[in-house]
Amino acid sequence: MIIENTTVKNGDNLQTGKCIREVLELPSYELDDLEQPISEEEVWNTIKNLPSDKAPGPDGFTGRFYKTCWPIIKEDIMAAIQTIWGKNFMNLWMLNSAYITLIPKKADAEQVKDFRPISLVHSFAKLVTKILANRLACRLNVMVSPSQTAFIKGRFIQDNFMLVQQTVRFLHSQKQPRILLKLDITKAFDSVSWPFLLEVLAKMGFGPRWRDLLSGLLVTSSTRVLLNGHPGEVIQHRRGLRQGDPLSPMLFILVMDVLSLMVTKASRDGLLQPLSSRPIQHRISMYVDDVALFL
């Protein structure tokens, strides 16, 4: 499912994209409202819901800064947003960086396992992606198959867990050899092919402006690792989605839904043996970074 390609071009006639359109029959949706210009009111409503004291990114600005200084900075912020909305990404790299650092899981952290990495994204880039995420959030429940429950309003991860548990019990009672295959897809988040992502979005109905804006955010993104408080060399991104970005989890579940479609089609076309005489609705269940597949 991953294409080795370091460029992002919406017009690429990728073989994978052709496969999505002609074979998997990925559904398309009316998403014209996502293309509407970003208003000052929409930006302010997004800022009001930002956490006030969350760890800042490379610029050092927190949500409290934006809330307190909005009357002073709003003209500059809106000018910057309108610039990238007009597909001018010339200097976006200056506002689209992130720091990776370690934070302790407990008070007396000493070993590597006692720490976890976090990505501190530049506040402006995070604001833009938060606006896009807010627009997309209310539509995910319709666009994503029932096999996924994470990051979707109205769905709960425990529902998927209960479904897998009940399927296991049922298949066990049939006393026939079956496989529960558990896949760890943690690495997939960091290796999503950008051309593949854009092909999926295009097929699903995302407009050219939305995809161009996403392309600009992807190709101008970079990361530096903090070591003893000092940032290291710049790491330019060429694929994958960024941790700490509000939009990234939503894009990831849209990409992973293609895997669900592949399994569903394989089952429908008789490429997978039936699990039982009674139809089982979901062969595959996904939650965050794990996949459960019945064979």
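**Exercise 1. The second largest pocket**

How do the residues of the lining of the second largest pocket divide into nonpolar, polar and charged? Work from the volume to the lining.

*Solution.* The model used here is predicted.

Step 1. Take the volume. The second largest pocket holds about 530 Å³ of space.

Step 2. Find the residues around the centre. The second largest pocket is lined by 23 residues, and Leu-50, Pro-51, Lys-54, Lys-126 and Gly-244 are the closest to its centre.

Step 3. Assign elements. At least two lining residues come from each of α3 (63-85), β2 and α4. β2 gives the largest share, five residues.

Step 4. Sort by class. The lining has 11 nonpolar, seven polar and five charged residues.

**Exercise 2. The largest pocket**

Describe the largest pocket by its volume, its central residues and the element that gives the most to its lining.

*Solution.* 

Step 1. The volume of the largest pocket is about 630 Å³.

Step 2. Its lining has 33 residues. Nearest the centre lie Phe-189, Asp-190, Leu-241, Arg-242 and Gln-243.

Step 3. Go through the elements. β2 (115-121), α7 (186-189), β4 (222-227), α10 (248-268) and β7 (284-287) supply at least two lining residues each. With five residues, α10 gives the most.

Step 4. By class, the lining of the largest pocket holds 17 nonpolar, 10 polar and six charged residues.

**Exercise 3. The largest cavity**

How many cavities of 30 Å³ or more does the structure hold?

*Solution.* 

Step 1. Count. There is one cavity of 30 Å³ or more.

Step 2. Take its space. The largest cavity contains about 150 Å³.

Step 3. List the lining. The largest cavity has 15 lining residues, with Leu-217, Leu-218, Arg-242, Asp-245 and Ser-248 nearest its centre.

Step 4. Assign elements. α9 and α10 supply at least two lining residues each. α9 has the largest share, with three residues.

Step 5. Sort by class. Seven lining residues of the largest cavity are nonpolar, six are polar and two are charged.

Step 6. Look back at the largest pocket. Arg-242 is among the residues nearest the centre of the largest cavity. Arg-242 is also among those nearest the centre of the largest pocket.

**Exercise 4. Two helices against α4**

At what angle do α2 and α4 pack, and at what angle do α3 and α4 cross? Classify each pair.

*Solution.* Two packed helices are described by the angle between their axes and the distance between the axes.

Step 1. Start with α2. Helix α2 (residues 40-48) packs on helix α4 (residues 123-137) at about 100°, and the axes are 10 Å apart. Angles of 65 to 115 degrees count as roughly perpendicular, so α2 is roughly perpendicular to α4.

Step 2. Name the contact. From α2 come Glu-42, Val-43, Thr-46 and Ile-47; from α4 come Leu-127, Lys-130, Ile-131, Asn-134 and Arg-135. The contact of α2 with α4 has four nonpolar, two polar and three charged residues.

Step 3. Turn to α3. The axes of α3 and α4 cross at roughly 75° and come within 11 Å. This angle makes α3 roughly perpendicular to α4.

Step 4. Name this contact. Tyr-66, Ile-77, Ala-80, Ile-81, Ile-84 and Trp-85 of α3 meet Ser-123, Phe-124, Leu-127, Val-128, Ile-131 and Arg-135 of α4. By class, the contact of α3 with α4 has 10 nonpolar residues, one polar and one charged.

Step 5. Compare the lists. Leu-127, Ile-131 and Arg-135 of α4 meet residues of α2. Leu-127, Ile-131 and Arg-135 also meet residues of α3.

**Exercise 5. α8 and α9**

Are α8 and α9 roughly parallel or antiparallel?

*Solution.* 

Step 1. Helix α8 (residues 194-204) and helix α9 (residues 208-219) cross at roughly 165°, and their axes come within 11 Å. An angle over 145 degrees counts as roughly antiparallel, so α8 is roughly antiparallel to α9.

Step 2. The crossing of α8 past α9 is right-handed.

Step 3. α8 brings Trp-194, Leu-197, Leu-198, Leu-201 and Ala-202 to the contact, and α9 brings Trp-210, Arg-211, Leu-214, Ser-215, Leu-218 and Val-219.

Step 4. In the contact of α8 with α9, nine residues are nonpolar, one is polar and one is charged.

**Exercise 6. Phe-89**

Where is Phe-89 placed, and which residues does Phe-89 contact beyond its neighbours within four places in sequence?

*Solution.* 

Step 1. Phe-89 sits in the loop between α3 and β1 (97-104).

Step 2. Beyond those sequence neighbours, Phe-89 contacts Ile-84, Asp-212, Leu-213, Gly-216 and Thr-220.

Step 3. Take Gly-216. Phe-89 and Gly-216 are 127 residues apart in sequence, yet 6.1 Å apart in space, C-alpha to C-alpha.

Notes:
Residues numbered from 1 in each chain as written. Predicted model: local features only at pLDDT ≥ 70, side-chain atom pairs only at ≥ 80, totals over all residues. Heavy atoms only, no water. Axes fitted to C-alpha atoms, helices over the stretch in contact; angles between N-to-C directions. Helix = DSSP H or I, 4+ residues; strand = E, 2+ residues; numbered from the N terminus. Parallel < 35°, antiparallel > 145°, perpendicular 65-115°, else oblique. Contact = heavy atoms within 4.5 Å. Nonpolar A, V, L, I, M, F, W, Y, C, P; charged D, E, K, R; others polar. 1 Å grid on protein atoms, 1.4 Å probe; cavity = no way out; pocket = protein on both sides within 12 Å on 5 of 7 lines; lining within 4 Å. Points joined across faces, edges and corners; volume = space filled by probe spheres on them. Left-handed = near helix turned anticlockwise from the far one by under 90°.
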